[in-house]
Amino acid sequence: MTNTTAEFIIDGKSYTLPIIEGSEGDRGIDINGLLQQTGCITLDPGFKNTGSCTSSITYLDGNKGILRYRGYAIEDLAEKCQFVEVAYLLLHGKLPNESELEHFRGLLERFALLHEDMLHFFDHFPPNASPMSILSVMVNALHNYYPEMSDDPLENIDITAARLISKIRTIAAFSYKKSVGHPLVYPRNDLSYCGNFLNMMFDKPVRPYTVRPEVVAALNKLLILHADHEQNCSTATVRMVGSAGVNLYASISAGINALWGPLHGGANEAVLDMLETIYADDCNFEKYITKAKDRDDPFRLSGFGHRVYRTFDPRGTIIKTACHEILEVLEVSDPLLDLAQKLEEIALNDEYFISRNLYPNVDFYSGIIYRAIGIPSNMFTVMFALGRLPGWISQWKEMREDTTTKIGRPRQVYIGEPARDFVSLDQRS
Ligand code: ACO
């Protein structure tokens, strides 16, 4: 992996560090020996230039708009796979053959129920509790009910991964049912992963839900598109928390909390709020584009921009097409879709957005699909978490399997007061 070096000078003295090259041409200066050799650390707030690990899970080229899981193009996976296959691919590094897929599906079926005692938890959240906070709490609590990871976290990782991937959809659907005051609908083994989730969400004793294959297909695609995205904020959180030696459930729970933020996964809910606000304001695009460009105004165009993509987010492109397809199939006419397209067109022709390479990201159109299939906006980020879970687990597993992993512990450059004498309380002005 190492064949070139970086040479640099600090205070007139020259140093050499190795450059690590990835399988797709990524290059990273290995600064492992930097502090020891030079007495300096690197300073990179927001980690714009910092690689925290090597990884063989997901490849992303932000300049060309390329995204691949384990070498497979996101376009192919989204078109040709089931979410469960992609989850297996991320976890195991290969697409499953029929018997492997059958086995994995069997595990997901086996683990779909929640321990009945955990159902009481739902009764103690206030009615307007955020489903993201419920999800994070419940996932964290799973460790108490399924402590099989305690001794050797990697020995039972396949079981724990399947347990978590299966149970998270039950938790998500139950939290929704509780929030609307409807009776819980239990998982059914005759339904697919996505079909099961939709049924648990929308089936009612008074009105049975018909699982439509087109809706299942749309959800399947959305979950695949969200399944991993290398070292983003929530994934880096999962790895960081896990590096302290904590169990998988607690690490994932931390990732869920990171995802909640409006600059990250919470953007899908924020996009819909933004579109509704603009719609209610007589579609005054000019006003909101001006606000987004104003540095003194905290308003940003939600669903626009990305730390890594400098061109179209390939997931956004797929989602936009899927959005048109599902709305047509369901015969839904959503004015917010027209509004979103108009907003996109205005932004893409505006010098501010062009010069900063700001394009629609994965979240810009996903909310319109969720809305069309009946998922309320406060569940959008939960849907993101459902999709991202196999990625988080795979990244956690890769981190724990790597024998060189150390606890994540960044440094800082201290800029506070220099040492000073203590002043007793009665002497302080
Ligand atoms: N609207 C208006 N201006 C924007 C936007 C936006 N959505 N995004 C970035 N900018 C501007 C910034 O103000 C900055 O301008 P400046 O150079 O004049 O200071 C410039 O573009 C660069 O932006 P940064 O904030 O430095 O970029 P960063 O990589 O730190 O942030 C982020 C990326 C958080 C995604 C940002 O683009 C953003 O806030 N977007 C809206 C929220 C969003 O959609 N998040 C979801 C991202 S995808 C995901 O996490 C799943």
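Before the first example, one term: strands here are DSSP runs of E, at least two residues long, numbered from the N terminus. Two of them pair if DSSP finds at least two bridges between them. The model I am showing is predicted.

Start with Y69, which stands opposite Y72 in strand 6. Strand 5 covers residues 66-69, and its pairing with strand 6 is antiparallel, over two bridges. These strands belong to an open sheet of three, in the order 4-5-6, with antiparallel pairing. At the edges are strand 4, residues 58-61, and strand 6, residues 72-73, each pairing on one side only.

Next, the loop between helix 9, residues 213-225, and helix 10, residues 233-243, where N232 is found. Is N232 buried or exposed? N232 counts as buried, because its relative accessible area is 14% and the cut-off for buried is under 20%. The side chain of N232 makes a polar contact of 3.0 Å with the side chain of T235. Beyond its neighbours within four places in sequence, N232 is in contact with H264 and R388.

E230 sits in the loop between helix 9 and helix 10 as well. E230 is partly exposed, with a relative accessible area of 23%. Its phi is near 40°, a positive value in a residue other than glycine. Most residues other than glycine have a negative phi.

Last, D11, another residue other than glycine with a positive phi, near 50°. Where is D11 placed? D11 lies in the loop between strand 1, residues 2-10, and strand 2, residues 13-21. D11 is exposed, with a relative accessible area of 81%.

Key
Residues are numbered from 1 along each chain as its sequence is written. This is a predicted model: local features need pLDDT of at least 70, side-chain atom pairs count only at pLDDT 80 or more; totals for chains, interfaces and linings use all residues. Side-chain values use heavy atoms; hydrogens and water are left out. Helices (H or I, at least four residues) and strands (E, at least two) are DSSP runs, numbered from the N terminus. Buried means under 20% relative accessible area, exposed over 50%, partly exposed in between (1.4 Å probe, protein chains only). A polar contact is a pair of N or O atoms within 3.5 Å; within protein, one must be able to donate a hydrogen and the other to accept it, and residues adjacent in sequence count only if both atoms are side-chain atoms. Contact means heavy atoms within 4.5 Å.
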